[in-house]
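Please consider the model shown below.

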Amino acid sequence: MIRARGLGRSFGAKRVVRDLDLDVPRGGFLLVTGPNGSGKTTLLRLVAGLLVPTAGELEVDTTRERVGFLGHEPLVYRELTALENLDLYGRLYRVPERRERIGMLLERFGLWDVRNERADSFSRGMLQRLSLCRTLLHDPELLVLDEPFNALDEEGSSLLDRELAELRPGATFVVATHDPDRVEHLASDRLAFA
Amino acid sequence: MSAYFSDVLTLAQKDLRLELRVRNTVPAMLLFVVSALVVFHFALPAGSSDLAAKGMLWVAIVFTALLGLGRAFVAEREQRLLDGLLLAPCDRSAIWLAKTVSVLGFLVVAELVALPAFAIFFSGIDGATIAGVALADLGICAVGTLLAAMAVAGRARELLLPLLFLPLAIPIVVGGVGASVADDPGRYLGFLALYDAVFAIISWASFEYVVTE
């Protein structure tokens, strides 16, 4: 599903990812670890198609509508409500039975009661939950998750644990985290940046 | 094709909803354009010609548009939301077109106040001027939205947009002022239409490359 050969990405003179070879089969789970600034986020942005490589080759065998990306920013409009944000993305991704799917996700992530509240009134943890709803809304086959447990409380983290375990058989994952123990049991491949 | 325009509509509706909710851009544009016309009213010596006044109108329009363009990608810039839009499976030019439509809408609202205000402070507006303003708006918003997206990616954003936009707005000012004051405005209107067509196509085709990192 993901194949990289000699993959590199530079920002000006700074080479953030260099000479990386990678194979993640369909249904695989790549766990990416490493210290801050080691290139994890850059790799995830390359895989999601948000960056283009400056060296080497990268093949991701899926289309943009099948990629779910969770980054450091929640990628939701703070001035819109939770429902309006998900409706916007649902329209752009042409999610079938959009309203039902949005309702189900909001319910599952504990945001149904605040669905009509603006995202700028949400705590960081609630924004992360909303961002997870956005990421899963279009039922992606490739999930690219950068620190998915960030800002989640214990209940939210357990919820995400269950969600990942449920999705694990059907989807391909690339997950960067500082807490690898949390998803170690799901991982099929590991990449540690120095 | 209908999917493309559906995406444009969805994104433009989102911009309109954001503006209705926070009211940041249009009130600022309205206040600016009226203030500029008041300043010009007192700056122009008594007995100045209509020609000079028409020139002032175009200065006010270009700088009001610049104000709106400067805010076009504020939400996307401050919250890195452009990533969210770029990840979506819509054609990336749809993002440019939707933003162009919303900026155009805001500019038209500002002009609905500015043109009557100009008529009160200076002189009446004729059909050729209105046609010139309409055509200029298309060009300003088409090229300005592309440049606003470029500026968002840069570091000195507030500085970059005027530096990029004003040189490209010179032909618009030439065409607009010409359409407003010439005896035969047709060729100036034709020039503006040609500018619109050329720069709209260039902007539409190049937006994807501008937003690709």
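The points below are grouped by topic.

This is a predicted model, in which local features need pLDDT of at least 70 and side-chain atom pairs count only at pLDDT 80 or more, while totals for chains, interfaces and linings use all residues. Residues are numbered from 1 along each chain as its sequence is written, and chains are lettered from A and ligands numbered from 1 in the order in which they are written.

**Confidence**
- The model has an ipTM of 0.90 and a pTM of 0.91.
- The mean pLDDT (the predictor's confidence in each residue, from 0 to 100) of chain B is 93, and 100% of its residues score at least 70.
- Within chain B, helix α6 (residues 92-121) has the highest confidence, at 96, and helix α4 (residues 74-78) the lowest, at a mean of 86.

**Contact between the chains**
- Chain A contributes 21 residues and chain B 20 residues to the contact, where two residues are in contact if their C-beta atoms, placed from the backbone, lie within 7 Å.
- On the side of chain A that touches chain B, β5 (67-70) and α2 (82-92) of chain A each supply at least two residues; α2(A) gives the most, with four residues.
- Helices (H or I, at least four residues) and strands (E, at least two) are DSSP runs, numbered from the N terminus.
- That side of chain A comprises 13 nonpolar, two polar and six charged residues; Ala, Val, Leu, Ile, Met, Phe, Trp, Tyr, Cys and Pro count as nonpolar, Asp, Glu, Lys and Arg as charged, and the others, Gly among them, as polar.

**Chain B**
- Chain B contains nine helices and zero strands.
- Its radius of gyration, 17 Å, is close to the 17 Å that the globule rule gives for 213 residues, so chain B is as compact as a globular protein of that length; the radius is taken over C-alpha atoms, and the rule is 2.2 Å times the number of residues to the power 0.38.
- Of the contacts in chain B with a separation of 6 or more, 81% join residues 24 or more positions apart.

**Interior**
- Buried residues of α2(A) are A82(A), N85(A), L86(A), L88(A), Y89(A), G90(A) and L92(A); a residue is buried if 20 or more other C-beta atoms lie within 10 Å of its own, exposed if 12 or fewer, and partly exposed in between, with C-beta atoms placed from the backbone.
- Their cover includes α3 (98-108) and α4 (124-136) of chain A together with α1 (2-22) of chain B.
- C133(A) touches L86(A), L105(A), L106(A), F109(A) and L111(A), not counting residues up to four places away in sequence.
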